[in-house]
Amino acid sequence: MPRIDNIQRTDRKAAILDAAERCFVRSGFHGASMSEICAEAGMSPGNLYRYFPSKEAMIEGLCERDFEEVGQQFAELADAPDIWQAFRELAKVHMVEEPREHCAMWIESMSEVARNPQIAALRTRIDAFIHDKLLGALQLARARGQTSPHADLDRAVQFLITFADGLMLRRARDPDFDPVNAMSIMFDVLAGMLLTPSAPSTDNAT
């Protein structure tokens, strides 16, 4: 019986998060009221508050769900014989196949960073999570000889994060934007950063 209760609770939380995401995309983080989310989820306020006491908690729940999914995807990437090909396929999932509604949800959370300390702290945690996963993948690629031994991996990660941020913004605001072409550009630049043999930096040499 406890196991059934846990499954039902997990299902209800997932349904609330799905409803909250639809409301945030449709009305914005500030525009979406708790009563709107309750109606979208088909739940009474008292029942919904048992699972999520605030909209910030719902944003956090959505991010936790993404953490689990992305963590599994990077674990699978680590087992791939060709890190580059596996990384291209993973990038396609998130940059091309990801629904535009999810991009809009991401923009909503980003817009709250300057106004909401709780969301700002969550964004810092998300950025650190993504940075660590990307850096780990590139370190594995270098260990396998699939990048230049002198490539600046951290610089490449910063480029990837910044480029992905811009791509998500373009996808959210422009329905005609072509993410396939943008992803191709990203990998062309990344190849120049990671595959071209280069000597170690001498910027700090005396």
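A nonpolar core is a set of buried Ala, Val, Leu, Ile, Met, Phe, Trp, Tyr and Cys residues joined through side-chain atoms within 4.5 Å, where buried means under 20% relative accessible area with a 1.4 Å probe, protein chains only. Keep that in mind for the tour.

This is a predicted model, in which local features need pLDDT of at least 70, side-chain atom pairs count only at pLDDT 80 or more, and totals for chains, interfaces and linings use all residues. Residues are numbered from 1 along each chain as its sequence is written, and side-chain values use heavy atoms, leaving out hydrogens and water.

The C-alpha atoms fill a box of roughly 65 × 40 × 35 Å along the principal axes. Of the 206 residues, 38% are buried.

Next, select Leu77, Met186, Phe187, Leu190 and Leu194. These have the most contacts inside the largest nonpolar core, which has 32 residues. Now colour α4 (55-78), α5 (83-97), α7 (117-143), α8 (153-173) and α9 (179-194), each of which supplies at least two residues of this core. The most come from α5, with 8 residues.

Zoom in on Met186. Leaving aside residues up to four places away in sequence, Met186 touches Ala91, Met95, Phe159, Leu160 and Phe163 (contact means heavy atoms within 4.5 Å).

For the last stop, pick Cys38, Ile59, Leu62 and Leu122, which are among the 24 residues of a second, separate core.

Terms used: Buried means under 20% relative accessible area, exposed over 50%, partly exposed in between (1.4 Å probe, protein chains only). Helices (H or I, at least four residues) and strands (E, at least two) are DSSP runs, numbered from the N terminus.
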